[in-house]
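Thanks for coming, everyone. I have a few minutes, so please bring the structure up on your screens and follow along.

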Amino acid sequence: MTPELFIAGAASKAVEALYGVSVDPAALQVQVTRKEFEGDYTLVVFPLLKISHSAPDATGNAIGGYLAANYPEVARFNVVKGFLNILFSEVYWNEVFSDMASDPSFGVLPSSGKNIMVEFSSPNTNKPLHLGHIRNNLLGDSVSRLLAACGNNVIKVTLVNDRGVHICKSMLAWKKLFDGATPESTGKKGDHLVGDCYVAFDKLYKEQVRRMVEGGMDEETAKKQAPALKEAHEMLVKWEQGDREVRDLWSMMNSWVFAGFDQTYRALGITFDRVYYESQTYLLGKELVQKGLQMGVFTTDPDGSVWCDLTADGLDRKLVLRGDGTSVYITQDLGTAERRFSEYRLDSHVYVVGNEQDYHFQVLKLILGKLGFPWAGQIYHLSYGMVELPEGKMKSREGTVVDADDLMEKMYEEAKATSEESGKLADIPAEEKEKLYRMIGLGALKYFIVKVDPKKTMLFNPRESIDFNGNTGPFIQYTHARIRSILRKAGEQGIGFGPESIGQGVSPSAKEIRLIKLLNLYPSKVAEAGAALSPAVIANYSYDLAKEFNQYYHDTRILQEPDPAMRAYRLELISTLASVLVKATGILGIGLPERM
RNA sequence: GGCUCCUUAGUUCAACGGAUAGAACGGAGGUUUCCUAAACCUUAAAUAGUGGUUCGAUUCCACUAGGAGCUACCA
């Protein structure tokens, strides 16, 4: 039982005994005492004044007195302006410490038995991954780990956007302008090469439009009539007909892109349990349209197009099938959702998609509900904010896109420079160093992204590199390395410690109790983060923990503590702290080094 | 035009309706015969504006100002 629940339960009994009114413990407000006051946990007594019919301080004192008298766990209490601050006994904290130190699965919540699918990344094969994708990938990956820590069975999937006119544009440009170039012949990463093709198409197309406008055509018509675009559309028709030549080209270029993506995913440390391709799923959902028509959920317009009227829900009419019978994006999404829920027996499905698609997911949920799927309410759109530059949005036209591969490389270089400057790692083999620099660079990047509330727009300034000092990933990594260093030395000196070191007549100081209290918060942070689908909660907790340790380390001797019992107690404490740090950052996908 | 979201120190981020709004970077100043100074300590600095709800509002509501997104027979 957590201390919060303990106090809520005890306070509920106190209220009943004192005032004869039964209150639900869940309705009581218990929070961690702010550090400027003396106390471990605080009961807010204001809401109880209606029951007690007395002043805040009197009520607080009455309840506090009852708790201290009836519960040996409660050592002392004080009341400040309607806040009842409660202090637990040392024995209590040692029990808490002992429990978590001896529980290897501390912080992993009991199994929910639920299957949750998380879709993220979902790249477009025309563009190399950039900073926006990095946020998506890191969020998707960490939310997956988070939901797993919350006891769920998580299935990570991605849906690759590998077909459509836009893909044909790249193919066309490659045929016309790239003279058989391949990743091998150019030494270019496949996704970047294809990205170049797409840019080249855009340039060609705009040039054609410009000439046509100069030739007297109005811009609207020119944009539709430009030969490059027409050719791309013809190519798409051929693709849909299964034209051999077009399909071969498509397969070849896609394979380049996928090889490039794989490399980036590997560097980021991201994997999927299943990869879906739009080329294989884009026809899904058409049957659902028929079903919807039969149910009267959809209606057909005179031109044959099918619509869902959402005006009663405050939205517009939404097209679900074109007049020519071909499907639109949402048709596919309806179909894939249905298939996934049945195929994987999903209890819920999280889509990690940017907030510019809020409307789309609102519509998707609504339509699925209208189609009678009971799980429609179990769809969650993890709607994250854009990553902006100081000038605003990233724009490929203005060349301000921050490329994922470049950024990771830059972080690596940065980590290398900082490490070499410190000169602390001279005796480590080169290969180890290389790994370490990757770990630190990536840790800095991941923490930078994931510490921000997913919902919020965040800012990245490419001119200032991501920091390695202060509230950062490397700060946490450094903290871990410090702890490991002490533990290593303890091992070398043959100093033993373990959960049995707790409660050998050792009295923890206030500083130690602070650490125990903070460590003990971890499971509830996991639950909180999971409920909010927010890894930022875990990131901020990890930082608090690291910060707290550094302060403790600064003014407490651990290995040099003369009393062996106290020394073992402290070693066990920092060892537990290190393992919680590893678990917490593990959720974020951040590795912690032994040395740095 | 309609709908949605956002606005907290100079900057980047925190704060289940709770106490004196926390950090970090940057600024100013300090700590290394002591387990890793990527650390620690001190210091100045913020809730866009006006009302409302209540014991209590950064948080909820209304309006104002500023910013972003959506509003495709694109995906």
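One definition before we start. A residue is buried if 20 or more other C-beta atoms lie within 10 Å of its own, and exposed if 12 or fewer do. Keep in mind that this is a predicted model.

Find helix α6, residues 165-177, and in it Met 171. Buried or exposed: which is Met 171? Met 171 has 23 C-beta neighbours inside 10 Å, so it counts as buried. Now look for Glu 548. Met 171 and Glu 548 are 377 residues apart along the chain, and their C-alpha atoms are separated by 55 Å.

Step back to the whole chain. Chain A has 596 residues, and buried residues make up 39% of them. There are 22 helices and 14 strands in chain A. Its C-alpha trace spans about 90 × 65 × 40 Å along the principal axes.

Next, domains. The domain assignment gives chain A domain 1 at 3-88, domain 2 at 164-276 and domain 3 at 422-588. How far apart are the C-alpha centres of domain 1 and domain 3? They lie 33 Å apart.

Now the sheet. Five strands form an open sheet with parallel pairing, and the order is β7-β6-β5-β11-β12. At the edges sit β7, residues 274-277, and β12; each pairs on one side only. From one strand to the next, the twist averages 25°.

Strand β6, residues 153-160, runs parallel to β7, and four bridges join the two. Thr 158 stands opposite Val 275 in β7.

Strand β11, residues 348-354, pairs with strand β12, residues 379-384, in the parallel sense over six bridges. Here Gly 354 stands opposite Tyr 384 in β12.

Which element gives the most? α18 does, with eight residues.

Last topic: backbone angles. Most residues other than glycine have a negative phi. Two residues here are worth a look on that point. His 53 has a positive phi, near 50°. Leu 533 also is not a glycine, and its phi is positive at about 50°.

Where do they sit? His 53 is in the loop between α2 (49-52) and α3 (56-70). Leu 533 lies in the loop between α20 (522-532) and α21.

Now apply the opening rule once more. Is each one buried or exposed? His 53 has 9 C-beta neighbours inside 10 Å, and 12 or fewer means exposed, so His 53 counts as exposed. Leu 533 has 22 other C-beta atoms within 10 Å, and the cut-off is 20 or more, so Leu 533 is buried.

That's my tour. Over to you for questions.

Technical notes
Residues numbered from 1 in each chain as written. Chains lettered and ligands numbered in written order. Predicted model: local features only at pLDDT ≥ 70, side-chain atom pairs only at ≥ 80, totals over all residues. Domains from an automatic or database assignment. Pairing = 2+ DSSP bridges. Axes fitted to C-alpha atoms, helices over the stretch in contact; angles between N-to-C directions.
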